[in-house]
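Let's take a look at how two protein chains meet, and then zoom in on a single residue. Keep the 3D view open as you read.

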Amino acid sequence: MISSIFSRFGYGGVCNLPAESHSTALSCNNLYHRYPGNQADVLQNVSLEVQPGERVALVGPNGAGKSTLLKLILGIEKLERGNIVVYGHPATQCLHRVAIVPQRSTVDWNFPVTVRQVVMMGRFVHLGWFKRPGKIDHEAVDSAMETMEITNLADRQVGELSGGQQQRVMLARTLAHDADLMLLDEPLNHVDIKTQELIFHTLEKITVQDKKAVIVSTHDLGVLTVHFSRAIFLDKKIIADGTPKDVLTPDTIAKAYGFEFHKDYQPWNS
Amino acid sequence: MEFIIEPLQYGFILRGLIGGLFTAAACATLSAFVVWRGMSFMGDALAHSVLPGIVVAYILGISLLWGALGAASFVVIGIGLISSKGNLREDTAIGVVFTGFFALGILMLSRVATFSDLSHILFGNILGVSTQDLIMMAVVTVIVIAGTFLSFKEIVTASFDPAHSTAIGLSPALVRYIVLIMLALTTVVAIQTVGVVLVLALLVTPGASASLVSRRLPSIIGLSLLLAGLATIIGFYVSFYIDLSSGPSIVLALTAEFLICILIRKIKLKNVKKPI
């Protein structure tokens, strides 16, 4: 059928790769990446494992390769060296299990779509070409909108919303996707405190209750100790990896950001 | 009543009107995407650069539509190849390919055709629609409407958020080519009614007008269909009774609708209470 020809990209194909029990959510081995035309690698020998239930912050300065790493996991950037395994299977074969909240700048916010339509996009990976959303899909969308407290905005245009509301819509979309590994690329930029708390509350719930794995890229050091179970400092290579308290030392910060941090000031101890 | 029916008693006039309405339907269906995906330059380029194909078809004595279709495929692939290598932006690639093809077309045309042929190709000749053209227009219109309906959620997803689209395995490039193929088909049949120079009006203006009045994609498309159909009918009768060229008449009707939509929007905004 035509739909199977179109689906060879993975879109809408049935995911018949069940998670192997107790398998690692994400395993990256010896990743290298270089953008065409560049002289240096943006990722150098990056290896990491994330277990189900972990809430990982990916921290580093601009240009450290945080987005690149997330894009490689999703197959948005082509993997050149190394390998990535998601729940026991090659990453690009497990599209149903991974979802992303992309950086704000990659989305065309002016495109005329309603909040409900955007959240429904999270279900399309299960539908594929030519199939219309059914009852299960509508229920998933309703419940995701309720969780993110945007039910009252359902029929509004996304372009009319505030930055915080838009971010909630994107998170609702990944909830509707029902992925087991969620990647959030700088979700805290331009977001109000209330939305930030709602995002963290939701992430905590899905990692603790549903044992999903979450990776959040951020350059906001202040949120690490409170909201994450683990922090990975990245600046082309992995500089530090561990609980936020262990990792968040003046030394690692200096290494990652290339400046001397004020050593007497330790906000997490005050 | 007689005023409306009288012209339609002649076969070629009836064919012209039906052909015009088919074209309007195909253009209007895509218009919302041309406007919101920012593809108007591409549409304009396609329309102009099919000229050499039309001339070749003219020399070979086959339907001009086939020639136009062949040239359109070359142009789409050419632009895709030049810009996908990453060295040049797409609008640059469009600019280079489009002007080159159009210039080639003009030179070829000046060798083989008369001035009246040239003006028909540049500005359209709705009354020259043959039965064969009409069949092709109908086929294209059905393809475009069915294609848009069937891949609606894919086009919307890839347009709104290409990263998400890639992540769920829906290639934005594939979606782009689907839209481009439909755009090329539409442009090719629209040349017959409004001509190379004015095709862009049918592709952009209905969607732009509708977007002033509504922000929902399905109603934008519905309204575009209505506006394009109406403008085609108005332009058609004006050109029949006042003996004006059909292409520009249709385009001016579209422009008038656009101005009315601006007015409606102004009135609407005035009546909406500002949120506190």
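What follows is a short tour of a predicted model.

## Where the chains meet

Start with the contact between the two chains: chain A brings 37 residues to it and chain B brings 28. Together they bury about 2900 Å², and 67% of that is on carbon and sulfur atoms. On chain A's side, look for A:Phe111, A:Pro112 and A:Trp129, which supply 22% of the area that chain A buries against chain B, more than any other three residues.

## What holds hands across the interface

Which side chains meet in a salt bridge here? They belong to A:Arg173 and B:Asp161, at 2.7 Å from N to O. That's one salt bridge found across the interface of chain A and chain B. There are also nine residue pairs in polar contact across this interface, counting pairs with both residues at pLDDT 80 or more.

## Zooming in on A:Asp41

Now find A:Asp41, in the chain A loop between strand S1 (26–33) and strand S2 (43–50). Is A:Asp41 buried or exposed? Its relative accessibility is 18%, and buried means under 20%, so A:Asp41 counts as buried.

Who are its contacts? Leaving out residues up to four places away in sequence, A:Asp41 touches A:Tyr32, A:His33, A:Arg34 and A:Lys236. With A:Arg34, the link is a polar contact between the two side chains, at 2.9 Å.

Notes. Residues are numbered from 1 along each chain as its sequence is written. Chains are lettered from A and ligands numbered from 1 in the order in which they are written. This is a predicted model: local features need pLDDT of at least 70, side-chain atom pairs count only at pLDDT 80 or more; totals for chains, interfaces and linings use all residues. Side-chain values use heavy atoms; hydrogens and water are left out. Contact means heavy atoms within 4.5 Å. Buried area is the accessible area (1.4 Å probe) that two parts lose on being put together, summed over both. A salt bridge is a side-chain nitrogen of Lys or Arg within 4 Å of a carboxyl oxygen of Asp or Glu. A polar contact is a pair of N or O atoms within 3.5 Å; within protein, one must be able to donate a hydrogen and the other to accept it, and residues adjacent in sequence count only if both atoms are side-chain atoms. Helices (H or I, at least four residues) and strands (E, at least two) are DSSP runs, numbered from the N terminus. Buried means under 20% relative accessible area, exposed over 50%, partly exposed in between (1.4 Å probe, protein chains only).
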